[in-house]
Amino acid sequence: MIPYSPATQDQLLAIRVNAGIDELAQAERFAAAEPDLVEAIVEGVGALAAGEWAPLNRAGDMEGARLENGVVHLPGGFADAYADYVEQGWNAIASPHEYGGQGLPFTLACNVLENLGTANMAFNLLPMLSVGAIEALEHHGSDEQKNTYLPRLVSGEWSGTMNLTEPQAGSDVGALRTTAMPVSADQFAGEHAGKYLIEGQKIFITWGEHELAENIVHLVLARTPGAPEGTRGISLFLVPKYHVNGDGSLGPRNDLRCVSLEHKLGINASPTCVMSYGDNGKCVGELVGSENRGLMAMFTMMNNARINVGNQGVQIAERATQQAVAFASERIQSARAGAPDKSPVAIIEHPDVRRMLLRMKALTEGIRALLYYCAGQTDRGTLDDTPDNRAAGMRGEILTPLIKAWGTDAGIEVASIGIQVHGGMGFVEETGAAQHWRDARIAPVYEGTNGIQAADLVTRKLGFENGEAYAALMADIVRDASTEPTLAALARDCASIGQWMREKASLDDRLAGSVPFCTMSAVAVAGWQLLLQQRAGEAGDAPSLARTKPVITRFFLDRIVPEAAGPKASASAGAELLYTLPAEEFAR
């Protein structure tokens, strides 16, 4: 596997043009995000990623995490690499000042995760989950919980998880059975008065057990006695691996354990745990927020987590592209067709390989442009309550299912093309090309499947401001694409389908067309944002990309945007045909 080289200049261009970091820095809250600091962050985390995290990627895949006698063991080097991550303060980039954070834009936290995840996607899931736990506690935790847990979560000394899924409750979170019983006065000598006894099992808990952090803060969804059925009866609980004493020191271990690790297709260095709470009836947790309001609190954590999963699309695409370009540049095979010199050439000289490599680069940079546009709009939505900032926040919410769904689908496509570029060697594990595809395959599944993301777009996000928020997004693309008729036509198609879905389509019709509609919308926004990058480059921004960016943007606009118009028929076909066959006929 070739060394990772951070895409620093393209990242900086996306941060400036798509996220609009200079405009964000004009707000008092983000005033520290000056150009010199932004550049130092991007370069600094890139150096950590390339120097320490990337070399562990292959060993992490081959050796994986192991559970022995209740302890999760990781390959050598992971502990030191995580300690350096904590010591250098990368976990604290966007966290609040009052708990030791730097208070910088979420956009820059996205860049930290992009670099670390491109270097080592499985390892990067550890800080990614912690960031979500910080956000949930910041918005919904009590002052005591914030003061006790946030400083060390922010620093990275402690890590966080989210616990939703149970064996019988996957995407249907309302079916969960984990219980939370109030601690009675005669239990624990009154030590845990006001807290709850948690009992149940959770599955697919990412980094649910490990030794890299001193403590693990589990955020667990459970039901209290008499809670309503379904999602209305779910509460959120903070369940630490080790109890925390009044002086902040760690007390005895809580009654929780990792039962087993899942055997997975990829991300093998990430311990995906089956967690058991309360085997001995002594697992103590604290209620976070209000009773029966747990799903709302958890979704605070999940919204940005979905953006961060979309980020994984560009992470894996960047790494796969770099490896494919290196292989194609070195692999000598056959003469160039039609060339007078019949000597074998590097396969990068063959037209179809060129097509594949340009497609990989165009999709990668398109995902990145969409990612940072989404992050920048999300950041604006957290600023002062003005009409413009509210509109930006709403746009960020619309963009979230686009980056999560299309970003991860495109990441898998890029990783698959990378295997194709390698030919037979791509199917052989020793080259490492297959690892990228295996690692990438989980991203469309977790944090809400891509079908769920598309459903969210057509059932909720499309209705913002009676449809005007989505329509305004497409109108902005049409306005800026006056010289790109294909892109403008795609945006008009999206607006037309969106209007049909709001005004005429049944719920089944909307859901039946949701995935192609989400893809069309994402490609339209990504093409628009790449176009803005190219225009910034023509004005003198990012001179080091002056040769590559116009070609890559042209490929996206001329090849990928026209393809995205194809799903129009499927997006607007309705659901009738899908239900023509009875369910039992599918097995014939």
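This report looks at some strands and a pair of helices in a predicted model.

## Ground rules

Residues are numbered from 1 along each chain as its sequence is written. In this predicted model, local features need pLDDT of at least 70 and side-chain atom pairs count only at pLDDT 80 or more, while totals for chains, interfaces and linings use all residues; side-chain values use heavy atoms, leaving out hydrogens and water.

Helices (H or I, at least four residues) and strands (E, at least two) are DSSP runs, numbered from the N terminus.

## Strand 12 and its partners

Two strands pair if DSSP finds at least two bridges between them. Strand 5 (residues 196-206) pairs with strand 12 in the antiparallel sense over two bridges, and Tyr196 has Gly285 as its bridge partner. Strand 7 (residues 235-240) also pairs with strand 12 in the antiparallel sense, over three bridges; here Leu238 stands opposite Glu286.

## A hairpin

Next come strand 8 (residues 242-244) and strand 9 (residues 250-253), an antiparallel pair with two bridges. Tyr242 of strand 8 faces Arg253 in strand 9. The two strands form a hairpin with five residues between them, and Gly248 in the turn has a positive phi of about 90 degrees.

## Two packed helices

Two packed helices are described by the angle between their axes and the distance between the axes. For helix 14 (residues 468-480) and helix 17 (residues 514-538), these are about 40 degrees and 10 Å, with axes fitted to C-alpha atoms over the stretch in contact and angles running from 0 to 180 degrees between N-to-C directions.
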